[in-house]
Amino acid sequence: MEAAALAVALGLLLLARAGGSAGDEAREAAAVRALVARLLGPGPAANFSVSVERALAAETGSDTYSLSGGGRAPVRVRGSTGVAAAAGLHRYLRDFCGCQVAWSSSQLRLPRPLPEVPQELTEATPHRYRYYQNVCTQSYSFVWWDWARWEREIDWMVLNGINLALAWNGQEAIWQRVYLALGLTQSEINTYFTGPAFLAWERMGNLHTWGGPLSPSWHLKQLHLQHQILDRMRSFGMTPVLPAFAGHVPKAVTRVFPHANVTQLGSWGHFNCSYSCSLLLDPEDPLFSMVGSLFLRELIKEFGTDHIYGADTFNEMQPPSSEPSYLAAATAAVYEAMTTVDPHAVWLLQGWLFQHQPEFWGPAQIRAVLGAVPQDRLLVLDLFAESQPVYLHTASFHGQPFIWCMLHNFGGNHGLFGALEAVNRGPESARLFPNSTMVGTGIVPEGIGQNEVVYALMAELGWRKDPVPDLEAWVISFVRRRYGVSQPNAEAAWRLLLRSVYNCSGEGCKGHNRSPLVRRPSLQINTTVWYNRSDVFEAWRLLLTAAPYLTNSPAFRYDLLDITRQAVQELVSLYYDEARTAYLNHQFPALLRAGGILAYELLPALNEVLASDSRFLLGSWLEQARAVAVSEVEAYFYEQNSRYQLTLWGPEGNILDYANKQLSGLVADYYQPRWGLFLETLVDSLAKSIPFQQHKFDKKVFQLEQAFVLSKKRYSSQPQGDTIELAQKIFLKYSPKGFSGSL
């Protein structure tokens with residue numbers, strides 16, 4: 001009951017601030033009709049009738065949709081909000097038409113006539129909020145997007161019922177105005193901002209300067225893009241979360257205000273203080289409120305507000321004091337800077353800090369932060385709840401409302417991974433927790449565009465009252481919608497994936513790819529996995545046997561490439577183990593054989609098959625960055641930002657390979673040369689009877705890594721070759737002989 005009461009209170013609060021719903025219903029219905037036309041085309045869209053009716057919701061804030069009609073009549077979609085109506089449309093397309101909308105592709109072959117809804121179907125979500133985005137997603141996935149790509153993402157969001165999402169573009173342009181007003185010079189501001197690919201961590205106080213500066217054209221484009229994003233989100237009735245001041249300031253502030261009381265925080269991510277060690281204003285310093293209110297006032301003047309703001313003062317940063325009184329004061333200062341400008345402000349806080357540094361954040365420290373903001377004015381994201389939920393050991397965040405979130409992915413890595421059972425059961429467990437204050441579900445990956453089955457499940461759970469009763473049956477339905485047809489071998493392959501790569505459990509489950517393929521080579525790489533690799537190889541074989549029947553399915557081609565990529569990743573691990581064992585046992589021929597296959601056969605084969613799909617091309621990735629530029633100099637600068645993020649992450653490999661991807665071009669010119677050098681070094685070590693020295697190798701391989709980052713080589717953004725033929729070729733040559741099955 002406590003969670004329900006909180007949800008209603010928050011709903012009433014936000015509705016009151018929005019000034020009622022006069023005119024909103026018509027605007028939101030028009031936005032959904034435009035969405036239907038974009039998604040299905042104007043002809044099919046004419047067969048849908050869309051309306052938004054606030055009265056449809058039995059309780060304020062309880063989004064509700066209703067479906068009826070079809071057959072010989074138009075399909076009638078009603079929603080209490082535009083988001084609810086779009087979710088209802090998606091439900092109809094999914095469950096009645098067997099369609100799917102996904103990041104990689106959409107399968108939208110509509111039956112004719114449109115299926116009839118036998119009796120009116122009304123669904124109300126049990127969750128006040130369905131939240132989307134991690135602060136890091138802005139840098140790992142969204143950083144180079146134009147409006148066309150953002151439009152598709154917002155469509156995906158609203159179809160999946162998302163009603164709360166970050167909207168953080170353009171904030172540096174606002175900060176620039178504030179810093180200039182405070183007396184900083186343009187040069188000092190330029191020195192402070194990071195480059196575009198690293199803005200997420202500048203915004204959380206982890207970094208400054210690295211990869212910068214930001215150009216005037218960047219600021220102008222991001223301001224314009226933010227207005228488009230906000231206009232579209234608001235047109236659906238979605239609530240955008242805007243940024244607020246967290247307390248971090250540029251060093252130049254101390255020149256203008258020499259008596260400012262600031263504390264230098266510790267370093268972050270193996271960066272030295274040239275790029276980290278942020279300055280944090282003391283919460284008691286009057287400058288704190290002044291800077292915070294200046295920023296929020298200017299932000300609202302530019303973008304308006306929906307009264308929810310995000311700010312993270314101590315994200316992966318140890319506070320200068322563990323005293324509860326200090327932590328409470330620092331937290332209160334952030335909140336009070338918000339309410340000085342917006343008395344109705346609600347603070348959205350990422351709860352990552354509580355589980356990331358448990359040795360610092362004890363019960364007293366956590367309680368100090370949570371108790372420093374009035375009840376119901378803090379909304380906490382339990383960011384990694386599918387693996388390490390914080391609500392369990394904080395008495396449901398000591399009464400503050402929270403959102404149960406699935407993080408799933410780190411760094412935007414490729415790699416088949418999921419903890420579907422934990423995801424399926426998690427939200428219900430949190431709702432049933434004693435005195436639960438859960439008010440929503442969230443999808444918060446660091447990077448998107450991978451493991452779409454996981455996100456389809458999590459999005460559906462945002463509207464379900466109970467877990468999916470039969471996950472295997474749900475996955476098979478997912479596959480049939482995805483390919484538009486039932487294919488027995490494809491379904492058998494997905495059953496194997498469900499019991500293997502998507503069946504991770506326990507606190508050790510992290511969606512961070514640590515395969516040897518994407519790591520700097522050493523003799524110490526752990527290749528153990530939580531699943532049986534033979535399941536992956538058999539699923540690979542089964543998908544290949546299904547290929548003749550699914551050749552025309554873009555989603556199938558994407559999945560076949562993805563599982564081929566995964567299978568090669570597994571093979572790399574196996575050959576790495578062989579090569580390492582051979583080296584340690586001084587077996588020269590075995591080292592040459594295993595190492596040669598790994599570096600000079602498997603990796604080129606992987607690079608070739610990845611090149612058959614534009615979504616796995618380094619060229620496509622880098623061209624996104626170049627397209628934002630207004631000059632060739634700026635294009636190279638943005639491309640270098642992107643290359644750094646994919647590889648070294650910092651000037652010295654500070655967070656090396658954290659954001660690894662498996663892209664054609666990256667495999668050929670970054671991963672393969674590293675492995676070639678490593679194996680040549682091992683061979684030389686055996687031949688000369690000298691020990692392998694990792695630190696010497698690291699110095700040599702860094703030269704290769706840095707050369708890739710600084711290179712001006714251009715990569716094609718056009719796919720080459722046929723995915724099915726290339727995948728079959730790799731399978732026939734390299735599939736392990738230790739499992740049964742043939743094509």
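Guide: Happy to. This is a predicted model. In strand 3, V77 is the bridge partner of V50.

Visitor: Which way do strand 1 and strand 3 run, parallel or antiparallel?

Guide: Strand 1 (residues 48-52) and strand 3 run parallel, with 5 bridges joining them.

Visitor: And what about strand 2 and strand 3, parallel or antiparallel?

Guide: Those run antiparallel: 5 bridges join strand 2 (residues 64-69) to strand 3. One of the partner pairs there is S66 with R78 of strand 3.

Visitor: How many residues sit between the strands in that hairpin of strand 2 and strand 3?

Guide: There are 5 residues between the strands, and G70 takes a positive phi near 90° in this hairpin.

Visitor: Switching to helices: which residues of helix 7 are buried?

Guide: They are Q171, E172, A173, I174, W175, Q176, V178, Y179 and L182. That makes 9 of the 12 residues, so helix 7 is largely enclosed by the rest of the structure too.

Visitor: What do the buried residues of helix 7 pack against?

Guide: Several elements, including helix 8 (186-192), helix 10 (216-235), strand 9 (239-243) and helix 12 (286-303).

Visitor: How far apart are the end C-alpha atoms of helix 7?

Guide: They are 17 Å apart, which agrees with the 16 Å that its 12 residues (171-182) should span at 1.5 Å a residue.

Visitor: What follows helix 7?

Guide: G183 does, and its phi is positive, near 115°.

Terms used:
Residues numbered from 1 in each chain as written. Predicted model: local features only at pLDDT ≥ 70, side-chain atom pairs only at ≥ 80, totals over all residues. Heavy atoms only, no water. Helix = DSSP H or I, 4+ residues; strand = E, 2+ residues; numbered from the N terminus. Expected span 1.5 Å × (residues − 1). Buried < 20%, exposed > 50% of the residue type's maximum accessible area, 1.4 Å probe, protein only. Contact = heavy atoms within 4.5 Å. Pairing = 2+ DSSP bridges.
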